[in-house]
Amino acid sequence: RVTRSRCDSKRDDDVTAEANHINATCNLAAPQRSPSCEADGQPANQPGWFEKVYGNAMSEEYRRYMRDEWGTEKRGDGPLFEKLCLEGAQAGLSWATILAKREAYRKAFRQFDINKCAHMSDAYIESLLQPQENTRGSIVRHRGKVESVRHNARCVLQLQQARDLAGAIRPSAGYFDEFLWSFVGGKPQLNAWPNAAAIPSESDVSRAMSRELKQLGFKFV
């Protein structure tokens, strides 16, 4: 077992964390282009199932997300770090709100490059918190959430460094992926919910993941 050291930066113990989309509904999702979760008897990534469940109560952008991304496997340190940050950003808000601003987040946070995010300066973070004329083209200006991106990137790097000290030959890019997927044994979990209302907002696995991430110093998880 790799020694996991806690991120050195001070944690904000007052942060209220929401259930994590990374693992809440499909438990780290399922293999790309194969059924993962089911709702109302239909595979969750079958085109159109969400329209039957939700009707027209979603934007075209949200519809594309549900059709192409929700319930499909996500691998790699970068994509999972992005997901972690965006889910933290939605705390107290809706996923639709953050999804509409996703490109703005990617631009603001250097495409969620972990090393670049970890080295963002205080001045740059302050610039992200300034009001913008185009609100859709801007991120949610919540200081704690914005600062948590840099903080969590540093936690990811420290997690990788702990792996290196345990015997890795070179920097362990990809270990954050391995760490998160370890909560489901490295394999997707396939669920079959009887209807959309039965899909839980969190699970035992998501709670365990959130708990260990907090112990490592991560915020908004």
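Biologist: Does Arg 63 count as buried or exposed?
Modeller: In this predicted model, local features need pLDDT of at least 70 and side-chain atom pairs count only at pLDDT 80 or more, while totals for chains, interfaces and linings use all residues. Residues are numbered from 1 along each chain as its sequence is written, and side-chain values use heavy atoms, with hydrogens and water left out. Relative accessible area (1.4 Å probe, protein chains only) sets the classes, with buried under 20%, exposed over 50% and partly exposed in between. Since Arg 63 has a relative accessibility of 12%, Arg 63 counts as buried.

Biologist: Which residue does Arg 63 meet in a salt bridge?
Modeller: A salt bridge here is a side-chain nitrogen of Lys or Arg within 4 Å of a carboxyl oxygen of Asp or Glu. At 42% relative accessibility the partner counts as partly exposed, and with an N to O distance of 3.3 Å it is Glu 60.

Biologist: How many residues apart are Arg 102 and Glu 69, which form a salt bridge?
Modeller: The closest N and O atoms of Arg 102 and Glu 69 are 2.7 Å apart. This pair links distant parts of the chain, with Arg 102 in helix H5 (residues 102-108) and Glu 69 in the loop between H2 and helix H3 (77-89), and their separation is 33 residues.

Biologist: How many aromatic pairs does the structure hold?
Modeller: Rings of Phe, Tyr and Trp (its six-membered ring) pair if their centres lie within 6.5 Å, and planes under 30 degrees apart count as stacked, over 60 as edge-to-face and the rest as tilted. The number of such pairs is 7.

Biologist: What is the angle between the planes of Tyr 62 and Tyr 65?
Modeller: Being 3 residues apart in helix H2 (residues 60-68), Tyr 62 and Tyr 65 are separated by about one helical turn. Their centres are 6.1 Å apart in an edge-to-face pair, and the angle between the planes is 90°.

Technical notes. Helices (H or I, at least four residues) and strands (E, at least two) are DSSP runs, numbered from the N terminus.
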